[in-house]
Amino acid sequence: MWRDAARAVDPGVLGGGNLDASIAALQAHLRSQPRDAGGWATLGLAYVEQARTKGDPARYPQAEKALGRSLSLAPDNDQALAGRAALAAARHDFAHALVHADQALRLNPYSERALSSRVDALVELGRYAEAAEAATTADERRPGVPVFTRYAYVHELRGDVRTARRVLKQALSVASSPGDTAYVAAQLGQLAWNQGDHGAALTYYARALAADDTYLPALEGRARAQAATGDRAAAIKGLETVVAQNPLPGPLVELGELYEARGSAGDRARARRQYALVDAWIALARANGVDADLDTALAAADHGDRRAALRAARAEWARRHTVHTADALAWALHVNGLDEEALPYARRAGATGYRNAAFLYHRGMIELATGHRTDGRASLSSALRLNPGFSPLGAERARKALEAAR
């Protein structure tokens, strides 16, 4: 549900190693060689990656400045233009990500970063047929881990899980660095999780962590799978580690819901603190040029201001028509009592064939609320059959609603 599809910069993009140390070395180099356009472009990309891995949007203005410096030194600089595409995607400005990726590709049709960012942008704009064509083009020009993972995701979004799994396994077989191995294995873990195969998910997350025991997406995914298999204590401990280093909305909400589900003394207050941190992150993100409306809609619909959730979801839908924005708008409408308006969006969220238990849960609850009891029971049953542990709170609510509707 919280998957970040805009993976414009991947782990290992700077050759692996310590990112902070690499940035410090680049900064030192540029102090002595301030007219190195390539160095400024690399620094800009490093700041984008640092922002993503640390959950710190304050790095984005630094990235913008470094990339602008690169282009001022070398205007026809595909590396910096690809960096601008990555930065725009990281800020969820996918229209400009596409513009910058196309600019870079006109200069260098084989730019791996630009090819990857172009796929990301088209996916996040909901232009799935074009994204599939872009992924095929990228695979023809620059086959490798960054392109393979995007190719796989495009197929997953269209319901072709078999191809997605095959391509990710191919990517894992050619991964040549710990960063690439961790990244691809975590993607396989996420794919397995989406299909409710929690055992396979745990296996892939273990492989990712064997390559890099600090890789936060794998730690987050492992915690989610542990919660689904009943190991709530390990899940909570794992997510506490994740949010201490990377306080993004997804893991914050997941941890808050795990506290609520546990229900021990003080857990309700602990959960409220996590949800408050989501609001703080969203404010910081917006202050640094990030469009956080989808994050707002998803978090606020269940754990905050429902009217704010609806405003954010409508704003996001006005910008891009994806399965994720359709689901978010449907759910925001539902929690505000606008179920008749919500139903077409809930159905649109599944129109591509994407298999997502949370989407099915939302659709089922909306179908029940609009009197479509047979459809609602079918959607809720499908959600629980696909992934019975899809949410610490949602799965139990789905079971209760299904029982009440029988």
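**Packed helices, a histidine and nonpolar cores**

Biologist: At what angle do the axes of helix 5 and helix 6 cross?

Modeller: The axes of helix 5 (residues 94-107) and helix 6 (residues 112-124) cross at roughly 150° and come within 8 Å. Two packed helices are described by the angle between their axes and the distance between the axes. Axes are lines fitted to C-alpha atoms, for helices over the stretch in contact, and angles run from 0 to 180 degrees between N-to-C directions. Helices (H or I, at least four residues) and strands (E, at least two) are DSSP runs numbered from the N terminus. This is a predicted model, in which local features need pLDDT of at least 70, side-chain atom pairs count only at pLDDT 80 or more, and totals for chains, interfaces and linings use all residues. Residues are numbered from 1 along each chain as its sequence is written, and side-chain values use heavy atoms, leaving out hydrogens and water.

Biologist: Is helix 5 roughly parallel or antiparallel to helix 6?

Modeller: The crossing angle makes helix 5 roughly antiparallel to helix 6 (under 35 degrees is roughly parallel, over 145 roughly antiparallel, 65 to 115 roughly perpendicular, and the rest oblique). Their crossing is left-handed, which is said if the near helix is turned anticlockwise from the far one by less than a right angle, with right-handed for clockwise.

Biologist: Which residues make the contact of helix 5 with helix 6?

Modeller: Helix 5 contributes Phe94, Ala97, Leu98, Ala101, Asp102, Ala104 and Leu105, and helix 6 contributes Ala114, Leu115, Ser117, Arg118, Ala121, Leu122 and Glu124; contact means heavy atoms within 4.5 Å. These residues divide into 10 nonpolar, 1 polar and 3 charged. Ala, Val, Leu, Ile, Met, Phe, Trp, Tyr, Cys and Pro count as nonpolar, Asp, Glu, Lys and Arg as charged, and the others, Gly among them, as polar.

Biologist: How far apart are the axes of helix 1 and helix 2?

Modeller: Helix 1 (residues 19-32) and helix 2 (residues 37-54) have axes 10 Å apart and pack at an angle of about 150°. They are therefore roughly antiparallel to each other, and their crossing is left-handed. The contact of helix 1 with helix 2 divides into 8 nonpolar, 5 polar and 3 charged residues.

Biologist: Is glycine 44 buried or exposed?

Modeller: Glycine 44, in helix 2, counts as buried at 0% relative accessibility (buried means under 20% relative accessible area, exposed over 50%, partly exposed in between, with a 1.4 Å probe and protein chains only). Leaving aside neighbours within four places in sequence, glycine 44 is in contact with Ala63, Ala66 and Leu67. The C-alpha atoms of glycine 44 and leucine 67 are separated by 5.2 Å, although the two are 23 residues apart along the chain.

Biologist: Where is histidine 92 found?

Modeller: Histidine 92 is in the loop between helix 4 (78-90) and helix 5. Histidine 92 counts as buried at 18% relative accessibility. Its phi is near 65°, a positive value in a residue other than glycine. Not counting residues up to four places away in sequence, histidine 92 touches Val290, Asp291 and Asp295.

Biologist: How many residues does the largest nonpolar core have?

Modeller: In soluble globular proteins, nonpolar side chains tend to be buried together. Here the largest nonpolar core has 88 residues, and Val123, Tyr361 and Phe390 have the most contacts inside it. Such a core is a set of buried Ala, Val, Leu, Ile, Met, Phe, Trp, Tyr and Cys residues joined through side-chain atoms within 4.5 Å. Another core lies apart from it, with 46 residues, among them Tyr60, Leu115, Ala235 and Val243.
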